[in-house]
Amino acid sequence: MLVYGTVAIYYVMFVNILYFAIMGLSYRSIGTIAKRAKYSSYQTLSGSELVPSVSLLVPAYNEELTIIENVYCLMTLNYPTYEVIVINDGSSDDTLSVLIKEFKLEKMHNPEIRGTIETQNVRGIYHNPDYPHLFIIDKENGGKADSLNAGINFSHYPLISSIDADSLLEKDALIRMARMYMENPEETVAIGGDVRIANGCLIENGAVKRVSLPRKIWPMFQSIEYLKAFLGGRIGWSRMNGLIIVSGAFGLFRKDYVIAVGGYRGGYPGEDMNIIIKLHRYMLSHKIPYKVAFCPEAVCWTQAPDTYKIISNQRMRWGRGNLKNMIENRGMFLNPKYKIMGLITIPYNVLFETLNPYFRITGLLALAGYTLLDMTHWRILLTFMLLNFLSGYLLSVGAVILEEIAFRRYKKLSDLWKMLLFSALKFVGYHQLGVLWRVQGHIQYLRKNNSWGTMTRQSWKEESETASTA
Amino acid sequence: MPESLTLERKQQEGLYHNLEERLNKTFPELCGVMFLYCPGPPQLESLVSEFLRQETGSDIEVLKDASTSTLAVLLPGSTLNQAHYQALLLKRHLEETVPEADPRITLTVFPGQVDPTPGVLKQMAESARLGPSSDIHIFTKEEAASEPGRILIVDNDDTIREFLTIRLNMQGYETLEALDGTSALELIEKWEPDLVLTELNLYGIDGLPFINQIQKLPVENTPKIVVLTEQRVERTISQCFQHGVDDYITKPFSPVELDARIHRCFQ
Amino acid sequence: MFSHLFVAYVFIYVCLGLIGLGIMLLVQMKISHNREQQRREYYEQKHHDYFVYVQAHLGDDAELKLPPGKLKPLERSVIQDKFIEWIEQFKGDYRNRLIRLCREAGFVEADLKALGSFRYGRRLAAAYRLGGMRAEEAVPGLLKMLQKGKYNSISIIIARSIAKAANRPEDLLDMLRSLLSHGKPIHHLAADILLETKLDAGSILLKLLDDPDPGLVKVGLVAMWGQAVPEVMPVLGRLVGAKEKDVRAEAVKLYLSTNPALKDETIVQLMTDRDWEVRAEAAKALGQLHAAGSIPLLVKALQDASWKVRHNSAESLAALGEAGFEALCQAAVTGTGIQREAALHRIGLVMEAEQKHGAIEQMVAYNKKRLIHDRYFGVKQPVKRVTGVAAVGGDYTA
């Protein structure tokens, strides 16, 4: 028991040193990121004929509350040529009719669908010449991946960008990504954006007007979690081209390669990780030089779940999706053919993400049992817990420093204290729940439970009303 | 009318007649005139004249309209540019030396855009005292004639809006500003401008949908639309013209050219 | 166990120390950032009247005065930023006057000095601002900076500064060469950067098209979109036959977009080019040129392997009057597979679009086409098309 506990202690230290190493890579990049965010000129680019055209794909399932605001937001991006394609995935609410009403859409008589990826039946495509760049695809329910595929089939442009219907893009977000793409057009196959939590922010006219931290605790914890994952983690991973996921909320892809790998995989959560793994696989096995990049200055604000039920559902789904992806791609595990992906990213994901809960729980149980047998050894248990807490906290502090160096979205000093406080509180309860949810997700996978669970939305207006009264 | 009031009125009127005479006879060459309204300091006259004498080194004159406590300052020999700069210094000086001062200045130069009739001079004094903004105001011919067109400036960029407002006001247009498409549409309906000078890229609603919406508004005369934008994609430009935009100018722009094109819309 | 614990203790202490340091650093950064922000806002307010003065008199002939009083460094930077912002927005005399003002205020001189600083951050900031102030004397220094660094986002920032500041076409070419020397196909970005120049674009484009380096030629071709430059037409004609696939495609696109008079053999040559992009562009151009003689070629192109070529050919046929439309109908009835699909699709679009027109001539034209349509497909029977999910072949190159 003690031996196992010791192993667990070393495991925790080792994992954290790895986390630090990745964050170290983020630190090496952050200077350049801050400079390019400050000095790149978007004014000229955003009106230029030379910027590649993009099709924005917005899968929507039961989004009647937020969809209008979202579409308005997406139609006013600072970008020369693009189209917005909303895919109504057989919603049971009024998503389609609110869209038709607001934009006075009419069914197109002769829509041209060029793509050949298998999807559920498309019932119709809606359009209004007054909004020349907006299209709505109405199709039978088939999940997010299926909707994205339907969007790809209809899209007109060589780049596609997937955007969640509960997210708002900053006006410059897309042009910032396009700038990154243009700097290395042939090799870049996907670019991920930075996702931040919009709860608590003041939203007006489909844009975040005043940034502040969420007031409820669930979104607040997620806010810090996202900061840590995106700034501390993904910047570092992208530096060695080992990104395993581009967030489904906001990512840019080359359409030709997405089609080459067969589009998105339907029927299971985690399609955003899946498409990236498939891209890595494809490019590596065809020996084409490529890059999966991360663009932290392109920001997407998303609505975080703010009740226990919804967040636990979401996390279980993630846990399930992650496990499924790892099992599906076990052939890449430690396979030198897949380079960084096979030798570092996938093993890291299996050992330190997928299996992490088990090491931690069993380690804690072992040490707790050991302590119960002989109460004089409480110090060992305490050490184990402190180790977990402090290293995790250090990572949070590191991420907040990255934010302060390059972005500074949260201006007030009080925001800083709040972030530091909640970074600590995260380890009392929330962190443990996260571990639990992941295990539950794995159990669901094994029991072949593949439901999406509930994901209810709040309208942006409500959200922003509470923000302005605060 | 009580006698004292009539007397004051006479005195007041006298001041502007007096000013007119001086401007026409004493300084027929070139003379900057600035009206200053700054309630508060008791010794304003001497404060002002001392400061300006020091700054310009030339003979300046300060007169006072006692009824409204507005000062008239004559700056002989200075061009509009110089007079404006002096006004700038004076305003800064007052703000720094007098606590809580809020100096309002209107200025012009004679002979220049307008003739120094008592009416014009009085209008200037009023505009210093009652003008809405604390910015230094330059009095122009168009303002004296005052039958301007109304222009709504729509742009999210503060720099551009500020510049256009200054420039169009100087040419006598009446202007309002809107930061985003939604509030612009509301303003057009309420204020009914003659012309909308807009960026294509706005918050709320923008681009072609915005242009279409303007044309569908229930106003008597649909305003002319001039687009001033970063957007240089040819297809967008031609679509804009198809949807009834009157002119399309890309940034960076030449202000002189912009003037000409706006002028053309008003003919 | 205790030695293991010792390792853990060390780890804990290191973490604690770093956390303490990190929090101190954070607070310090936050406070100093916020203070700088406040100072900036204060200075902007303080100089508000001066800014209004400059804007009101930019058009005058008289010299503009510099901001009054002695300025603190941050104050200077606030004013400089404002000037640069205006320079980016205005053209012509207004811009030149502002540039002169920057020189008189000593901003250019100060940044030229900062370009030699030891700190990279300062050098880059200076490079950015020197571009903004269009300071041609900075170009040699900037070029050196560009050539020394390895290619990343920062190179683009420096290149943009060079494009803005350069007064000599040679400097621009050097800048482009240096950008392209890393082997990345960044022609579009390079063209966008090039177009920031204050020099006459026409003569530079001509130089680029004549350059032996195909990379530069491509930048030139890409940059020519939207620029009407008549003097380059002969060069374009030559490039249409270029060996490099993408140079040829770009050149053809540009060449055809000017609606040139095409010889029959050129048309045939273009329509049988190896590159689908060339064929697609040629097919598109034939419709606009009203080259009725090319109908057989277009009908044949309806069977092309590339979706774009088929699509454009059908569109062009529909644009070629009744003869073209008849050929389209014929292809729809007698053709098979993708040819039929492409033709049917276009016919549907034509019939639908033309119904909506109101004017008399359009009505006449529509009815003529309808007559042809009904002859092939029968009266009143709607065109049988597979809508919705049916795909028109798989080609995603566009």
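The contact between chain A and chain B takes 22 residues from chain A and 20 residues from chain B, where contact means heavy atoms within 4.5 Å. This is a predicted model, in which local features need pLDDT of at least 70, side-chain atom pairs count only at pLDDT 80 or more, and totals for chains, interfaces and linings use all residues. Residues are numbered from 1 along each chain as its sequence is written, chains are lettered from A and ligands numbered from 1 in the order in which they are written, and side-chain values use heavy atoms, with hydrogens and water left out.

**Chain A with chain B**

Between them, chain A and chain B bury about 1,800 Å², with 42% of it on carbon and sulfur atoms. Buried area is the accessible area (1.4 Å probe) that two parts lose on being put together, summed over both. Of the area that chain A buries against chain B, 30% comes from A:Asp130, A:Lys171 and A:Asn205, more than from any other three residues.

One salt bridge is counted between chain A and chain B; the term stands for a side-chain nitrogen of Lys or Arg within 4 Å of a carboxyl oxygen of Asp or Glu. It joins the side chains of A:Asp130 and B:Lys216 (2.4 Å, N to O). On the side of chain A that touches chain B, α2 (42-45) and α3 (67-75) of chain A each supply at least two residues. Helices (H or I, at least four residues) and strands (E, at least two) are DSSP runs, numbered from the N terminus.

**Chain C with chain A**

Here the contact takes 64 residues from chain C and 62 residues from chain A. The two chains, C and A, bury about 5,700 Å² between them, 69% of it on carbon and sulfur atoms. Two salt bridges are counted between chain C and chain A. C:Lys30 forms a salt bridge with A:Glu404, with the closest N and O atoms 3.1 Å apart. Ten residue pairs (both at pLDDT 80 or more) are in polar contact between chain C and chain A. Several helices of chain C each supply at least two residues to the side that touches chain A, including α1 (2-46), α3 (73-89) and α20 (337-355). With 21 residues, α1(C) gives the most to that side.

| Interface | Buried area | On carbon and sulfur atoms |
|---|---|---|
| Chain A and chain B | about 1,800 Å² | 42% |
| Chain C and chain A | about 5,700 Å² | 69% |

**Local features**

In chain B, the peptide bond from B:Lys251 to B:Pro252 is cis, with omega near -10°. B:Pro252 lies in the loop between β10 (247-250) and α10 (255-265) of chain B. In chain A, A:Asn62 is not a glycine, yet has a positive phi of about 50°. The loop between β1 (54-60) and α3 of chain A holds A:Asn62.

Note on methods
Polar contact = N/O pair within 3.5 Å; in protein donor to acceptor, adjacent residues only side chain to side chain.
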